[in-house]
Amino acid sequence: MDIAIFGAQGIALSFYKALRKLSNVDVKCFLVTSLAGNPCNIDDIPVLELTGGNGCLNGIDREKTEVYIATPENVQYEIEEVLENNGFSRHHRIISDKYAAIMELYYATLGEFPLLRSKLVGSKFSFARCLVALSEYDKPLRDRVVFEDWMEPIQVGSVLGDRIIANLRDDTGNNISYKNENYSELTALYWLWKNRLCGRGGENVYYGLMQYRRRLMIAKDDLYRLEANGVDAVLPYPMIYEPNISVHPKRYLRDNDLKNLLTALDELQPLYAEAASTILLQPYFYNYNIILARKSVLADYCNWLFPILGRVEELNAYNGTERADRYIGYMGELLETLYFMYHKEDLCLAHTGCKFYV
């Protein structure tokens, strides 16, 4: 029976790598709705347009091919319908729980990116507070979302909106709420940095940031293992990109953005600028700007991150409402990858899945 993977970006490539490593199956092809913005092949396996003409699916037995849908979950139901309409009846959605499970096995097999679930020694409860960024413009979710007692919703871009949807807002205290159109969820991280991590006002051991649609898979029991095992930061399993992670920001950033980012690094953090030439040429990428970290570690990261982003703004000819495309938020993902890959030997990092709510 033939196997195909629907998708050709980070989730699909990561799932493919794990599937090949763990089961040694052969993948016939990757399927996409359009080749625009997608590679023509992955690992010498063709990427085919599902609805393309010219016989591009010749040789594919649609009735017998198993299709794994490895895309963001919010589009998977629509993809199922498209597959059905094109004769593919054997399809399986790779939801975030399944994706996390296979990536956990994959990274455990590689011995890379230590897993949170492997931290089984000790039982010392760590007081934690994780902000969950949400906006009044977020689309309603089909899933039921529960905020555990260590999670706190924060409304981002609240100074720009009309409705109050959370008790905590990013336009209070020391804030950059007005920059939300470019900084996205990072206005919540800035608020956390300035109002909870700097000086007095933060009494928890661990602090973090997640999004209303994307959350680290951390259970209350996991909080008993963090400090007992010396964990400095919990990050999502990295996604895999080929030939390297530089292909990811090119989908969202303009040509001059990366140049400005490297200039800012060279001016403010020359050691990281030097390391960037290596780290940006490796395949592992931390998506979504989500993290839970020891207070001191997260403070150090923010002290490093926001001056760089501020300098990028100064170097950019277009900012604020002239830009309004979340470009700083996407740069944050790149910088999170750079920072924690740089410190992977001197920080105790643990990794877990990312729950995607739809």
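**Close-up views of a predicted model**

By the rule used here (a disulfide is a pair of cysteine sulfur atoms within 2.5 Å), the count of disulfides is zero. The model is predicted: local features need pLDDT of at least 70, side-chain atom pairs count only at pLDDT 80 or more, and totals for chains, interfaces and linings use all residues. Residues are numbered from 1 along each chain as its sequence is written, and side-chain values use heavy atoms, with hydrogens and water left out.

**View 1. Cysteines C40 and C302.** C302 takes part in no disulfide, and the nearest cysteine sulfur, that of C198, lies 8.0 Å away. C302 has 0% relative accessibility and counts as buried, whereas C40 is exposed, at a relative accessible area of 58%. Buried means under 20% relative accessible area and exposed over 50%, with partly exposed in between (1.4 Å probe, protein chains only).

**View 2. The six-stranded open sheet.** The strand order is β3-β4-β2-β1-β5-β6, and the pairing is mixed. Strands β3 (41–42) and β6 (91–93) are at the edges with a single partner strand each, so one side of each has no neighbour in the sheet. Helices (H or I, at least four residues) and strands (E, at least two) are DSSP runs numbered from the N terminus; two strands pair if DSSP finds at least two bridges between them. Strands β2 (residues 29–32) and β4 (residues 45–49) run parallel and are joined by three bridges; V32 has E49 of β4 as its bridge partner.

**View 3. Helices on the sheet.** Helix α1 (residues 10–23) packs on the sheet and touches β1 (3–6), β2, β3, β4 and β5 (66–69), with its direction at about 150 degrees to that of β1. Helix α2 (residues 76–85) also packs on the sheet, touching β1, β2, β5 and β6, and its direction makes about 175 degrees with that of β6. Contact means heavy atoms within 4.5 Å; axes are lines fitted to C-alpha atoms, for helices over the stretch in contact, and angles run from 0 to 180 degrees between N-to-C directions.

**View 4. Strand β12 and its partners.** Strand β12 (residues 233–236) is covered on both faces, with A233 and L235 buried on one side and V234 and P236 on the other. Two bridges join β12 to the antiparallel strand β15 (residues 291–294), where A293 stands opposite A233. Four bridges link β12 to the parallel strand β16 (residues 349–352), in which H351 is the bridge partner of L235.
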